[in-house]
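These are my notebook entries on a structure that I had not examined before. They follow the order in which I looked things up.

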Amino acid sequence: MMTEKEKSLQGYMYNPMEEGLVQDRKIAKDLYFEYNHTLPSNYEKRTDIMKKLLGEIKGNFLIEQPFYCTYGYNISVGNNFFRI
């Protein structure tokens, strides 16, 4: 039997109120709150936060603030990724 997280990652219907997913959303919210309240000039800290939040990062990237997501770990960015 699949967990609710496994169901969500595979695109199946899932229960978003399952405790593990609720916790995952809290973690993501705390991280993107910290990211959004970090000075834009503090690139190193912003990069470190995104490495904790996002699922996969390849190479250089820049994501402007504000940034919001539900879980974060299902987001991948490639080299030279830029988001306004």
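I began with burial: a residue is buried under 20% relative accessible area, exposed over 50%, and partly exposed in between, with a 1.4 Å probe and protein chains only. The model is predicted, so I noted its limits: local features need pLDDT of at least 70, side-chain atom pairs count only at pLDDT 80 or more, and totals for chains, interfaces and linings use all residues. Residues are numbered from 1 along each chain as its sequence is written, and side-chain values use heavy atoms, with hydrogens and water left out.

Entry on aromatic pairs. I took rings of Phe, Tyr and Trp (its six-membered ring) as paired if their centres lie within 6.5 Å; planes under 30 degrees apart are stacked, over 60 edge-to-face, and the rest tilted. I found 3 aromatic pairs in the structure. One of them joins Tyr32 and Tyr68 edge-to-face, with 5.3 Å centre to centre and 75° between the planes. For elements I used DSSP runs numbered from the N terminus: helices (H or I) have at least four residues and strands (E) at least two. Tyr32 is in helix H2 (residues 19-36) and Tyr68 in the loop between E2 and strand E3 (76-77), so this pair links distant parts of the chain, 36 residues apart.

I then turned to Tyr35 and Phe67, another edge-to-face pair, 6.5 Å centre to centre with 80° between the planes. Because Tyr35 lies in helix H2 and Phe67 in the loop between E2 and E3, the pair ties together parts 32 residues apart in sequence. Tyr35 is buried, with 2% relative accessible area, and Phe67 is buried as well, with 6%.

Entry on the cavity. I used a 1 Å grid over the protein atoms alone: a cavity is a set of points where a 1.4 Å probe fits but cannot get out, and lining residues have an atom within 4 Å of a point. I found 1 cavity of 30 Å³ or more. Its lining consists of Tyr35, Tyr43, Arg46, Thr47, Met50, Phe61, Leu62 and Ile63. Which element supplies the largest share of this lining? Helix H3 does, with 4 residues; H3 (43-53) and strand E2 (61-63) each supply at least two.

Entry on a charge and a ring. I counted a charge as over a ring if NZ of Lys or CZ of Arg is within 6 Å of the ring centre and within 35 degrees of the ring normal. The charged end of Lys5 sits over the ring of Tyr73, 4.2 Å from its centre.

Entry on two single residues. I placed Tyr71 in the loop between E2 and E3, where it is buried at 9% relative accessible area. With contact meaning heavy atoms within 4.5 Å, Tyr71 touches Tyr14, Leu21, Asp24, Arg25, Ala28 and Leu53, not counting residues up to four places away in sequence. Tyr71 and Arg25 are 46 residues apart in sequence and 5.3 Å apart in space, C-alpha to C-alpha.

I found Gly78 in the loop between E3 and strand E4 (81-83); Gly78 is partly exposed, at 31%. Gly78 touches Lys58 and Asn60, again not counting residues up to four places away in sequence. From Gly78 to Tyr14 I noted 64 residues in sequence and 28 Å in space, C-alpha to C-alpha.

Technical notes:
1 Å grid on protein atoms, 1.4 Å probe; cavity = no way out; pocket = protein on both sides within 12 Å on 5 of 7 lines; lining within 4 Å. Points joined across faces, edges and corners; volume = space filled by probe spheres on them.
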